[in-house]
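Me: Hey, I'm new to this one. Can you walk me through it?

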Amino acid sequence: MEPTIYASLEDVTLSFGENVILKNCNLKIVRGAITCIVGLSGAGKSTILRLLDGLIEPSSGHVYVDGHDLCHTPERKLVELRQKTSLAFQFAALLDSLTIGENVGLPLREHTALSDEKIRHIVDDALESVGLRHIYDSLPNELSGGMLKRAGFARAIVTRPELVLYDEPTTGLDPIVTNLITDTIIRLRQKLDGTAVVISHDLHSIFRMADYVAMLFEGAIIAYGPREEIRTSSNPFVQQFLTGNEVGPIPV
Amino acid sequence: MGILERFGEKTIAFLEYLGGIISLIGETIRSLVHAQIRYAETFVQSYELGIGSLLIVLLTSLFTGMVISLESAQQAVQYGIGSLVGGAVTYTSVRELGPMLTAVVVAGRVGSAIAAEIGSMVVTEQIDALRSMGLSPVRFLVVPRLLALAIMLPLLTIFADIISIVGGMWIAQAYAHINPASFISSARQAVGFDDVVKGLFKSFIFACIIAFVGCYQGLSTRGGAAGVGRATTSAVVISIILIFGTNFIMSYFLFGGH
């Protein structure tokens, strides 16, 4: 059966002044799958997540999420559409002044009329699903990097979004926590029965969790396909990236 | 780069700034009209921004009232118009120095804190996180701070006026032997209730300036920790310049300077 597309970038160009970040970039995100985007540092991978979350608009082209074009959409409509997506930030971006429980429950408190008791129950469940118990009353500055990231995941999934975007979830973590985070992403995708996009540099983690892999280079997706197809790709750019070789078409 | 080019760049930057501030004011008014107010956060901010500034406002106002009295009382007694010192101190405090000095002190203490806090939230992606959750940073951050300042700055000004007059009265008695009854009688003749109201109206406008400039500088922070520092400094400098400028304009129209 042909996979259905949940989100896509179509001919997206994004530039800030003379600095071109994305150039005629095309990408398809398959519904119900984990798509990992790889590429050099500063290639614009995180920018793709922000486009998919409607936080920035492309200079030209279109960004579709669940059939809705996010471009030129009024902020009020975007707020509505953002209920379908959720972004887990690289450094969690939890609000310093709130406890972990308040942070995770914030979207529910602001967007629903659920009782405090019900919200507490959902937040506890979300924290449980990322393996964090008993930290409801902790402040963000009391947690380790890995715990912060998982708390960020809990906030991202608490509203049960259809699309979860993970920005470099394993960067800067030790191998054990990296494995834990990777397992968590796989488990959360299954739990939500939704779609996920992950930006990562960790190849071991990527090939464990990805259903599809896309490689971004010089503002465009130069390789895209199922995990195994990319792993065995003869594309010299992909090969150089996967092997980490300094010699090849990618200038060092 | 030529002078014309530099002038053009500065003009564009100024218009961008103006447009940004106007847009922020518009969005804030929309939130207020739709009653999108976080009351608990407004209360917390009122306490932190208002009560936290009380001591420093009282001290600066006390010394200001004392120095006005010191400068004017002995001279006035020499010329036989000692009975007018109470009026002079009260008049200056209620109409000009009370609202303006309180605003300047609060701009330095609170405006910088607002810019630094929001700026830090920008560089640590907390503002993006709010937007990603479908929450308006204006409703979440700007509205509570604006309301807190709009309520607390006029209240602080009342305290500043009182302590300034009390300080002035004490110095007038101590150094020029002007008795408090004469001081108060002169004050009551010189200043009417409408002067007090107009002074508090000035405070309200200054509160809006401090809140909007602080929040805007914070929200437009770029470039990490250095950017937060720049935003903080700019918030204070711009607020103080605007406070002095609008004070002149308001005095001109409110107190019949025209």
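Predicted model: local features only at pLDDT ≥ 70, side-chain atom pairs only at ≥ 80, totals over all residues.

Me: Ok, start with chain A. How is chain A divided into domains?

Reply: Domain 1 of chain A is built from 1-84 + 164-185 + 197-252, and domain 2 covers 91-160. Their C-alpha centres lie 26 Å apart.

Me: How many residues are in contact between those two domains?

Reply: On the domain 1 side of chain A there are 13 residues, and they are in contact with ten residues of domain 2. Together the two domains of chain A bury about 840 Å², with carbon and sulfur atoms making up 71% of that.

Me: And which residues of domain 1 lose the most area there?

Reply: Gln83(A), Ile181(A) and Thr184(A) do, and together they account for 44% of what the domain 1 side buries against domain 2 of chain A.

Me: How many salt bridges does the rule find across that domain interface?

Reply: Zero between domain 1 and domain 2 of chain A. For polar contacts, the rule finds two residue pairs across this interface, both at pLDDT 80 or more.

Me: Which elements give two or more residues to the domain 1 side?

Reply: Strand S7 (163-167) and helix H6 (175-192) of chain A. H6(A) gives the most, with five residues touching domain 2 of chain A. Sorted by class, the domain 1 side has eight nonpolar, four polar and one charged residues.

Me: Switching topic: in what order do the strands of the open sheet in chain A come?

Reply: The order is S2-S1-S4-S5 in chain A, four strands with antiparallel pairing. Strand S2 (19-30) and strand S5 (68-69) of chain A are at the edges with a single partner strand each, so one side of each has no neighbour in the sheet.

Me: How many bridges join S1 to S4 in chain A?

Reply: Five, between strand S1 (residues 5-16) and strand S4 (residues 60-65) of chain A, which run antiparallel. If you want a spot to look at, find Ser8(A), which stands opposite Tyr64(A) in S4(A).

Me: Now chain B. How many helices and strands does the secondary structure of chain B come to?

Reply: Eight helices and zero strands. Along the sequence, chain B reads α-α-α-α-α-α-α-α. Its C-alpha atoms fill a box of roughly 70 × 50 × 35 Å along the principal axes.

Me: What area is buried between chain B and chain A?

Reply: About 1500 Å², and carbon and sulfur atoms give 52% of it. The contact takes 15 residues from chain B and 21 residues from chain A. On the chain B side, Arg131(B), Ser132(B) and Met133(B) supply 37% of the area buried against chain A, more than any other three residues.

Me: How many salt bridges are found across the interface of chain B and chain A?

Reply: The rule finds four. One to look up pairs the side chains of Glu110(A) and Arg38(B), at 4.0 Å, N to O.

Key:
Residues numbered from 1 in each chain as written. Chains lettered and ligands numbered in written order. Heavy atoms only, no water. Domains from an automatic or database assignment. Contact = heavy atoms within 4.5 Å. Buried area = accessible area lost by both parts, 1.4 Å probe. Polar contact = N/O pair within 3.5 Å; in protein donor to acceptor, adjacent residues only side chain to side chain. Nonpolar A, V, L, I, M, F, W, Y, C, P; charged D, E, K, R; others polar. Pairing = 2+ DSSP bridges.
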